[in-house]
Amino acid sequence: MADEPGSEGREAPPGVLLAGLLRGWWEAAGGPDGGTRPTQQALASRLGIDQTTLSRYLNVKHPSTAPPRVVEALHAHLGAPAEELEQARVWCGAALADQSRRRAVVHGREGAGGPGAAAGAGRDSGARESRPRGSLLRRRLPVAALAAAALVAAFAAGAVTQQRWKPVSTPAAREEGRAGAVSAAGKTRAWPVLRRKRHEDQFTPGRALQYLLKEEGYELEADGIFGDRTYRAVVDFQRANHLPADGKVGRRTWPVLVRDIALGDRGFAVRAAQELLDNAGQGATEVTGTFTPTNAADVSFFQQAQGLHPTGRVDTETWLALLVSQSPPQGTPYHRPAATPSASVSP
């Protein structure tokens, strides 16, 4: 796609370029070479998304960036030229990076007096509701009418790369993470180590930790700040699970804290996984606290790209891959308000 009208020689933003390319694939399907172009409704059904979402992906004037999984699937379903897939990947990666930068500028962190601060005031940070381990709600959604999207190839090597964030780089932290490494398809991963840092935002891994503790019944704000309240909750959780109560979350604590997530699950743990997936280069992951068929398809795509078995479930190995695939936003730390996962989630 060429420059947008009025751009006067300036290249259009990557999101606009990507939308134009995707729309071109759709419009060219069923052209002179024969065949019938699928309606957007039929195509959206094949992709496992709704028609409105697909329309935004194909809208050049007001585009919404299609995630890598959808780009790959559109290319396959529409029989687009093979040489255009790499360009689509590049524009997709650039658009997601731009999106992350915009979110970093727009979304400031909730301050001490921000929304939710009053709700947490006066509570004991170590207080827990009586919620037994394994109580993640499994209210299954009707799946028959929502077929997961066809998963094509994972990103080719060199498709879209980004610098990965290593939360702690001290020798002791590296050693603790290395001891808990999991090998998959030739890749060795180590659990990131999070520890108390009162005034430092630890981004999505920090919020994931807090959401997982909230799933255990601890009353915390998921703000990414590993302060005293989070520290006391971690120590209490470690003691309750017969772990070394050092307040550090690494190779021993993460595997006990994370939970397997499958289709239809709801809760704070689901929200943690969705935020990690949204920030792992996938983009466009809905963070609702309910694990949907689209989420499962996104997880399968991520697993395939990471050399894991594409089950669509978030197991321990997938949690680990998600955590080590996080990178901090550029500029002002991106912060998603810590809301209740879903109105339908029981307290």
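Helix H2 passes helix H4 in a right-handed crossing. A crossing is right-handed if the near helix is turned clockwise from the far one by less than a right angle, and left-handed if anticlockwise. Helices here are DSSP runs of H or I with at least four residues, strands are runs of E with at least two, and both are numbered from the N terminus. H2 covers residues 40–47 and H4 covers residues 68–78. Their axes come within 10 Å and cross at roughly 120 degrees. An axis is a line fitted to C-alpha atoms, for helices over the stretch in contact, and angles run from 0 to 180 degrees between N-to-C directions. H2 and H4 are therefore oblique to each other. Angles under 35 degrees count as roughly parallel, over 145 as roughly antiparallel, 65 to 115 as roughly perpendicular, and the rest as oblique.

Which residues of H2 and H4 meet? From H2 come Leu43, Arg46 and Leu47. From H4 come Arg69, Val70, Ala73, Leu74, His77 and Leu78. The residues of this contact divide into six nonpolar, one polar and two charged. Contact means heavy atoms within 4.5 Å. Ala, Val, Leu, Ile, Met, Phe, Trp, Tyr, Cys and Pro count as nonpolar, Asp, Glu, Lys and Arg as charged, and the others, Gly among them, as polar.

A word on the source. This is a predicted model, in which local features need pLDDT of at least 70 and side-chain atom pairs count only at pLDDT 80 or more, while totals for chains, interfaces and linings use all residues. Residues are numbered from 1 along each chain as its sequence is written, and side-chain values use heavy atoms, with hydrogens and water left out.

Now take the whole chain. It has 13 helices and four strands. Of its 347 residues, 49% count as buried. Buried means under 20% relative accessible area, exposed means over 50%, and partly exposed lies in between (1.4 Å probe, protein chains only). Among contacts with a separation of 6 or more, 68% join residues 24 or more positions apart.

Leu18 gives one view of such pairings. Leu18 sits in helix H1, residues 14–28. Is Leu18 buried or exposed? Leu18 counts as buried because its relative accessibility is 2%. Leaving aside neighbours within four places in sequence, Leu18 is in contact with Thr65, Ala66, Val71, Ala88, Trp91 and Cys92. Ala66 is 48 residues from Leu18 along the chain, yet their C-alpha atoms are separated by 8.3 Å.

The axes of H8 (residues 203–215) and H9 (residues 228–240) come within 11 Å and cross at roughly 55 degrees. That makes H8 oblique to H9. H8 passes H9 in a left-handed crossing. Leu209, Gln210 and Leu213 in H8 meet Thr230, Ala233, Val234 and Phe237 in H9. This contact has five nonpolar residues, two polar and no charged.

Two residues here deserve a look at their backbone. Most residues other than glycine have a negative phi. Phe203 is not a glycine, but has a positive phi of about 55 degrees. Phe203 lies in H8, and counts as buried because its relative accessibility is 15%. His242 is not a glycine either, and has a positive phi of about 60 degrees. Where is His242 found? His242 is in the loop between H9 and helix H10 (253–257). At 74% relative accessibility, His242 counts as exposed.
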